[in-house]
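Subject: The structure we talked about

Hi there,

Here is the structure I promised to pass on. Please open it alongside this message, and I will go through what turned up.

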Amino acid sequence: MNREEIMKILPHRENMLLIDSAELKEENTAVGTYTVKGDEYFLQGHFPGNPVVPGVILCEIMAQTCCVLLEGKAEGKTPYFTGLDKVRFKNKVLPGDTIEIECTLTKSRAPFYFASGKGFVNGKQVVGGEFSFALM
């Protein structure tokens, strides 16, 4: 999926649509990518002269990737974060990096969905965690 197709599932728009592409790997697994350009709003003050993608943005990228799995279920609904657990940041994500996120739905009890995700840059894990959200 490209950004136009992703916008049919997610309500996010510029500046908060944070995945460039996504694809369904298996029934419960999606992979998304985002290339950090260097001019993003979240890098402007994090940190001047030493820009690093904030952890909360990495979590949002994971969540947006996971929401791709809800294609068909999310029509007319908005996905809201309801929890984050066991999140770990293992390496920095810098301008020029392409982060690849793999997310898996682990459980669902509509309207709640539970997932795990991991992010990689050049094959090296940079983030991982579990999260939940509700479709409202």
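This is a predicted model: local features need pLDDT of at least 70, side-chain atom pairs count only at pLDDT 80 or more; totals for chains, interfaces and linings use all residues.

The mean pLDDT over the chain is 93, and 100% of the residues reach at least 70. Among the elements, strand β2 (residues 29-35) has the highest mean pLDDT, at 97, while helix α1 (residues 3-6) has the lowest, at 87.

**Aromatic pairs**

Searching the whole structure gives three aromatic pairs. One of them joins Tyr41 and Phe42: their ring centres are 5.2 Å apart and their planes meet at 80 degrees, so this pair is edge-to-face. The angle decides the matter, because planes over 60 degrees apart count as edge-to-face.

Another of the pairs is formed by Phe81 and Phe131. Here the ring centres are 6.1 Å apart and the planes are at 85 degrees, so this pair is edge-to-face as well. Phe81 belongs to strand β3 (residues 79-89) and Phe131 to strand β6 (residues 124-135), so the pair ties together parts that lie 50 residues apart in sequence. What is the accessibility of Phe131? Phe131 has a relative accessibility of 3%, so Phe131 counts as buried. Phe81, at 36%, counts as partly exposed.

There is also a charge to look at beside an aromatic ring. The charged end of Lys107 sits over the ring of Phe114, at 4.9 Å from the ring centre.

**The largest pocket**

If you like to look at pockets, the largest one has a volume of about 200 Å³. Which strands supply at least two residues each to its lining? They are β3, β4 (98-109), β5 (112-121) and β6. Strand β6 gives the largest share, with four residues.

The lining of the largest pocket is made of Lys86, Arg88, Lys90, Glu102, Thr104, Ser116, Gly117, Lys118, Gln125, Gly128, Gly129 and Glu130. How do these residues divide by type? Six are polar, six are charged and none is nonpolar.

One lining residue deserves a second click. Lys86, which is part of that lining, lies in strand β3 and has a positive phi of about 55 degrees although it is not a glycine. Lys86 is exposed, because its relative accessible area is 54%, above the 50% limit.

**Backbone details**

Asn122 is another residue other than glycine with a positive phi, near 50 degrees. Asn122 is in the loop between β5 and β6, and with a relative accessible area of 77% it is exposed.

Where are cis peptide bonds found? One runs from His46 to Phe47, with omega near 0 degrees, and Phe47 is in the loop between β2 and α2. Another cis bond runs from Ala110 to Pro111, with omega near 15 degrees. Pro111 is in the loop between β4 and β5.

Leu43 is in the loop between β2 and α2 (55-67). Although Leu43 is in a loop, its relative accessible area is 5%, so Leu43 counts as buried. Its C-alpha atom is 7.8 Å from that of Pro54, which is 11 residues away along the chain.

Ala134, in strand β6, is buried too, with a relative accessibility of 3%.

Happy browsing, and best wishes

Conventions
Residues are numbered from 1 along each chain as its sequence is written. Side-chain values use heavy atoms; hydrogens and water are left out. pLDDT is the predictor's confidence in each residue, from 0 to 100. Rings of Phe, Tyr and Trp (its six-membered ring) pair if their centres lie within 6.5 Å; planes under 30 degrees apart count as stacked, over 60 as edge-to-face and the rest as tilted. Buried means under 20% relative accessible area, exposed over 50%, partly exposed in between (1.4 Å probe, protein chains only). A charge sits over a ring if NZ of Lys or CZ of Arg is within 6 Å of the ring centre and within 35 degrees of the ring normal. On a 1 Å grid over the protein atoms alone, a cavity is a set of points where a 1.4 Å probe fits but cannot get out, and a pocket is an open set with protein on both sides within 12 Å along at least five of seven lines; lining residues have an atom within 4 Å of a point. Grid points are joined across faces, edges and corners, and a volume is the space filled by probe spheres set on the points. Ala, Val, Leu, Ile, Met, Phe, Trp, Tyr, Cys and Pro count as nonpolar, Asp, Glu, Lys and Arg as charged, and the others, Gly among them, as polar.
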